[in-house]
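Dear colleague,

I am handing over the structure below, together with some notes on its charged side chains. Please read the notes beside the coordinates.

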Amino acid sequence: MRFIAITSGKGGVGKSTIAANISYLLSMYGYRVALFDADIGLANQDIILGVKPKYTLIDLLEGRANMEEVVVKINNNFLLIPGESGDEILRYKNRDILEKFFEGLKVIGELDFLIIDTGAGIGESVRSFVAAATDTIIVTMPDPSAIMDAYSMIKFCAKSHEELFLIVNNVRSQREAAEIYQKLENVAKKHIKSNLKLEFLGFIERSSLIEESSKKRELLVKSHPSCVAAIEMANIVKKLTNSLTKNGEHIKETPNIAIFFKRLLQQI
Ligand SMILES: Nc1ncnc2c1ncn2[C@@H]1O[C@H](COP(=O)(O)OP(=O)(O)O)[C@@H](O)[C@H]1O
Ligand SMILES: [Mg+2]
């Protein structure tokens, strides 16, 4: 099982869009996936996936619902764990949220992937999720401030990970994405850690179909599976699963949820 944190320095770079689409693709390839909307305060995966959760994390924390009632089944292999978009959640200490959350996760059964859609920036919960995740994907886009923020995020993530993945979203061409990746890799090697492996996971072009799908509350890879951006997302998923299995390590054989939980608690 892999715990993948999707994060960025800056908000609005496409983290949630990418998290939803790649979770869906993984589920279509036969993996069991849970997507946790961990952007505390700004959770929006329910809108992206076009569902109306009856309960959210706050109901789990306050004992009004159990995890089985909180999760929303998107398909047989794909569960959404809805986040909380109000500020009520801020009353809870991080550790309390995590403990209840992982107690609950035990009941939803075996998973191959837990995809964590984190908030922007390096807040407390983002730090804990990144440090405990087996893999971290940093999303950026061609905008000087987004690139600077991606650099800060790489610096932070490098404290806990030797290898990081990068996705460049919202580009005009593959070349533009490759240049941004190269620039980031060079400065990261020079100023952060010379042995840091920043792997280019792929790019997604700026696409009016993504905007359109998000307005209609549809998932791009479902409504337009053969458009360029959907193929680019599928390429990202292929590269991700290849990269995770290249050492002969099978996704299904790696650590279970209890280990992730332990790692998380060590962070706080
Ligand atoms: N490649 C893209 N082309 C066009 N619009 C995009 C693209 N990626 C994301 N968007 C749009 O940008 C907005 C922000 O995306 P979102 O995934 O919510 O970002 P984040 O989670 O990083 O804040 C959304 O309206 C989304 O539809
Ligand atoms: Mg988001």
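**Salt bridges**

In this predicted model, Asp59, Glu62 and Arg64 are linked in a network of salt bridges, a salt bridge being a side-chain nitrogen of Lys or Arg within 4 Å of a carboxyl oxygen of Asp or Glu. Asp59 is buried at 11% relative accessible area, whereas Arg64 is partly exposed at 46%; here buried means under 20% relative accessible area, exposed over 50% and partly exposed in between, with a 1.4 Å probe and protein chains only.

A search of the whole structure returns ten salt bridges, among them one between Arg172 and Glu176, whose closest N and O atoms are 2.8 Å apart. Here Glu176 is buried at 14% relative accessibility, while Arg172 is exposed at 72%.

Another pair is Glu212 and Lys216, with 3.8 Å between the closest N and O atoms. Both residues lie in helix α9 (residues 208-216), four residues apart, which is about one turn of the helix; helices are DSSP runs of H or I with at least four residues, numbered from the N terminus. Glu212 is partly exposed, at 36% relative accessible area.

Residues are numbered from 1 along each chain as its sequence is written, and chains are lettered from A and ligands numbered from 1 in the order in which they are written. Local features need pLDDT of at least 70, side-chain atom pairs count only at pLDDT 80 or more, and totals for chains, interfaces and linings use all residues, while side-chain values use heavy atoms, with hydrogens and water left out.

Best regards

Technical notes
Helices (H or I, at least four residues) and strands (E, at least two) are DSSP runs, numbered from the N terminus.
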